[in-house]
Amino acid sequence: MPTILLIRHGENEYVAKGRLAGRLPGVHLNENGRRQAEAVAQALAQAPIKAVYASPLERCIETAQPLAERLDLPVTPRDGLLEIDFGEWQDQTLKKLSRLKLWKVVQGNPSRMQFPQGETFANAQMRVVAELEALNSRHDPQDLVACFSHSDVIRLAIAYYIGTPLDLFQRIAVSPASISTLHLGDFGARVLHVNHAVSFELPQPPKGGHNKETKADK
């Protein structure tokens with residue numbers, strides 16, 4: 001069955017400044033993010049990719065576009081690859097959010113988390129898995145496809161396919177412009193790569209012991 005490249009969008013100012021973009025329109029790649037998108041395109045320019053899909057948000061479309069242009073393929077927006085709906089948390093700083101009681105739920109028991117006026121992690125996981133299965137059914141077994149999405153969305157998908165409990169999904173790291181590889185076969189799924197960086201940067205430990213990647217994106 002098809003092999004799916006799960007690619008996180010490049011850096012934007014919300015990522016750089018520790019602010020939760022969520023589904024806000026008009027969040028574009030910054031200069032570093034554009035360089036990351038070009039690096040992804042260069043790394044995959046010779047890959048036999050049959051289709052390029054992306055979350056409809058600008059930062060994903062902009063990350064996908066250089067690769068699509070090199071492959072002479074369109075970027076097809078897919079709502080199933082959208083960022084989590086963070087509801088009232090959208091456009092807030094991580095510093096402010098980390099003071100809320102719900103922050104402990106997000107960090108320690110995300111399977112029970114309902115974002116105020118937004119989505120649950122469980123519903124987001126079901127959504128992205130349904131999307132990947134739908135894309136899987138659209139392609140021939142030997143096809144390679146690229147899906148550009150968001151950190152938590154990719155981590156939720158990886159957690160599902162490797163059987164990691166939802167409460168532990170944040171242990172999976174997915175950096176900006178990284179590539180994770182998923183093969184959906186007749187006898188089950190295989191996660192072939194996770195968080196593969198086309199240009200290596202030494203990762204920095206989370207400040208204060210908190211895993212804030214969940215909110216910093218996305």
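## Nonpolar cores

A nonpolar core is a set of buried Ala, Val, Leu, Ile, Met, Phe, Trp, Tyr and Cys residues joined through side-chain atoms within 4.5 Å. Buried means under 20% relative accessible area, exposed means over 50%, and partly exposed lies in between (1.4 Å probe, protein chains only). The model is predicted: local features need pLDDT of at least 70, side-chain atom pairs count only at pLDDT 80 or more, and totals for chains, interfaces and linings use all residues. Residues are numbered from 1 along each chain as its sequence is written, and side-chain values use heavy atoms, with hydrogens and water left out.

The largest nonpolar core has 35 residues, and those touching the most other members are Leu-6, Ile-84, Trp-89, Phe-115, Phe-121, Leu-132 and Cys-147. Elements giving two or more residues to this core include strand S1 (3-8), helix H6 (121-138) and helix H7 (151-162). H7 supplies the largest share, 7 residues. Another core, of 19 residues, lies apart from this one and includes Val-40, Leu-44, Ala-64 and Leu-71. Helices (H or I, at least four residues) and strands (E, at least two) are DSSP runs, numbered from the N terminus.

## Aromatic rings

Rings of Phe, Tyr and Trp (its six-membered ring) pair if their centres lie within 6.5 Å; planes under 30 degrees apart count as stacked, over 60 as edge-to-face and the rest as tilted. The structure has 6 aromatic pairs. Trp-89 and Trp-103 count as stacked because their ring centres are 6.5 Å apart and their planes are at 15°. Trp-89 lies in the loop between strand S3 (75-77) and helix H4 (94-97), while Trp-103 lies in helix H5 (residues 102-108), so the pair ties together parts that are 14 residues apart in sequence. Trp-89 is buried at 3% relative accessible area, and Trp-103 is buried at 2%.

Tyr-160 and Tyr-161 form an edge-to-face pair, with 5.0 Å centre to centre and 90° between the planes. Tyr-160 is partly exposed at 44%, whereas Tyr-161 is buried at 13%. One aromatic cluster is made up of Phe-86, Trp-89, Trp-103, Phe-115, Phe-121 and Phe-169.

## Cysteines

How many disulfides does the structure hold? The number is 0, where a disulfide is a pair of cysteine sulfur atoms within 2.5 Å. The sulfur of Cys-60 has its closest cysteine sulfur in Cys-147, 11 Å away, so the two are too far apart for a bond. Cys-60 is buried, at 0% relative accessible area. Cys-147 is also buried, at 1%.
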